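Open the model in your viewer and keep the selection tool at hand. The stops below go from one selection to the next.

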Amino acid sequence: MKTDTKKELTRQEEFMRRHRRHHHLIAFWRALLFVLFLALWEISADLGWIDSFFFSSPSRVAACFVAQLKTNSLLTHIGITLFETVVSFILVLLFSLLLATLLWYSTRLSEVLEPYLVVLNSLPKSALAPLFIVWLGTGSTTIIVAGMSVAVFGSIISFYTGFRQVDEEKITLIYTLGGTKRDAFTKVVLPGSVPILLSTAKVNIGLALVGVIIGEFLAARRGLGYLIIYGSQVFRLDMVITSIIVLCVIALLFYKTVQVIEHRIRIKFKM
Amino acid sequence: MSDILELKKIGYSYHNLHGETKALEDISFGVRPGEFVAIVGPSGCGKSTLLSIIAGLLVPEQGTILVNNPDGSLHYPRIGYMLQRDHLFEWRTVYRNVILGLEIRKMLTPERLRTVDRLLEEYGLDKFREKRPSELSGGMKQRAALIRTLALEPQLLLLDEPFSALDYQTRLMVSSDICRLIREAGKTMIIITHDLAEAISLADRIIVLSGRPARVKRELPIKLTLRDDSPLAARNAPEFQDYFNRLWEDLTHEN
């Protein structure tokens, strides 16, 4: 009996060890791939295999990053882009939640609006950006609206679809307990749609960033999108590539932040 | 004793673009206070529609429902409705699930909450009030759903195949358990089921509906010599098989 449990334990330990080793191995390969890529890039630029004027190099990017930091302009550009993205993300969430709620309340409204939503959702939103510039000028408002335009229609559709997927019997339960349509919404539909709200939010933060960068390409004097366009126009490709790498980091941070918030909410709601 | 609820020539049809589908036709029967009535019938015959009409979720197209309260008042009896599944919400604790009805009706009075506390204790759920529904067994979930229904102090309980989501063994125990608790609470009950054995073991009277459009085909009062025992023991009563055969005949000889 005793040897049995001991055997069990070692089996369990063995499994745990295998599991840890697997994860270490994956992390190692990820890091190695990154280092190899940087090394290959640096070496091929140093040996003249690629033209470092067009393709830059890790050392040039690092130098550019430091130089830009010193003039303080990079932090301002990053801050502007972050601010615009976060504002448009929050506005998208509020606006699409409001509209999806109205659509859920009124079947007639949702039937009337359905074709418009479908068309607006399939439209390439970058086509709207020039209009926004004419209507709203070249300030932050335009950029935020551009950011919203990319995410908002898909978001309304996902929220509304999520609301509709809630078990019809759970809504009947509310009615049998003497509840109203409002009770059905606040007690069943909204809490029942939290997983869909969260997954849509995760997609939206990325889309808002896309929209903001498109807006900055066309209209801005500040922000990473502006820095990329400006850098390419004056042939300072170090600046372009540095900005792109900063964007990669921002996208990753956004995703992770939303993921952490999602995780917290899931724990709170035990989902 | 006079009926607390009397259905008179109830009729109901569903409408769509292809035409009209009659679900119920000329349905009349009464329910006495404290009585357990089971409604059986072929699947899809409109049993759930009938229950929705009694619950007031649907308005009948023909006929009327007469109310006859023992105290002479005219208000419609307070209805408790139990659906096919327990539908406890995973985002609420067990306690917040059972007070859902009170919360919706804005009746979270100390007196009502004491009733809920008492029921939780009686039904052995006291220790689980801060747990999530997924941590309860199938039987405990049904008990929690029953407390949620009883918290509103209904006079008439409607059960729509309430145990059909459970596996057979759990179902036998839970159905007898829940019905015992409802009897002890002194409520009147109408239960829909497709399980003839369940109907015979639980009910005082069985109403057999025909296929669509549903009509009352037979009313069968059940008198088992083991009445005071549990519904599980009722299945061993000598009359059990006779009742079963008669119901079986009724349901298989559709015309």
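Helices (H or I, at least four residues) and strands (E, at least two) are DSSP runs, numbered from the N terminus. This is a predicted model, in which local features need pLDDT of at least 70 and side-chain atom pairs count only at pLDDT 80 or more, while totals for chains, interfaces and linings use all residues. Residues are numbered from 1 along each chain as its sequence is written, and chains are lettered from A and ligands numbered from 1 in the order in which they are written.

Within helix 9 (residues 181-192) of chain A, colour A184(A), F185(A), K187(A), V188(A), V189(A) and G192(A), which are buried. A residue is buried if 20 or more other C-beta atoms, placed from the backbone, lie within 10 Å of its own, exposed if 12 or fewer, and partly exposed in between.

Next, show the boundary between the chains. Here 16 residues of chain A are in contact with 15 residues of chain B. On the chain A side, helix 8 and helix 9 each supply at least two residues, and helix 8 gives the most, with 7 residues. That side of chain A divides into 7 nonpolar, 4 polar and 5 charged residues. Ala, Val, Leu, Ile, Met, Phe, Trp, Tyr, Cys and Pro count as nonpolar, Asp, Glu, Lys and Arg as charged, and the others, Gly among them, as polar.

Now select helix 7 and helix 10 (residues 194-219) of chain A. Their axes, lines fitted to C-alpha atoms over the stretch in contact, come within 6 Å and cross at roughly 155 degrees, with angles running from 0 to 180 degrees between N-to-C directions. That makes helix 7 of chain A roughly antiparallel to helix 10 of chain A, a term for angles over 145 degrees. The residues of this contact divide into 14 nonpolar, 10 polar and 1 charged.

Move to D167(A), in the loop between helix 7 and helix 8 of chain A. D167(A) is partly exposed, with 13 other C-beta atoms within 10 Å.

Go to S56(A), in the loop between helix 2 (52-55) and helix 3 (58-70) of chain A. Phi of S56(A) is near 55 degrees, a positive value in a residue other than glycine.

Finish in chain B, where a cis peptide bond joins R212(B) and P213(B), with omega about -5 degrees.

How values were computed
Contact = placed C-beta atoms within 7 Å. Parallel < 35°, antiparallel > 145°, perpendicular 65-115°, else oblique.
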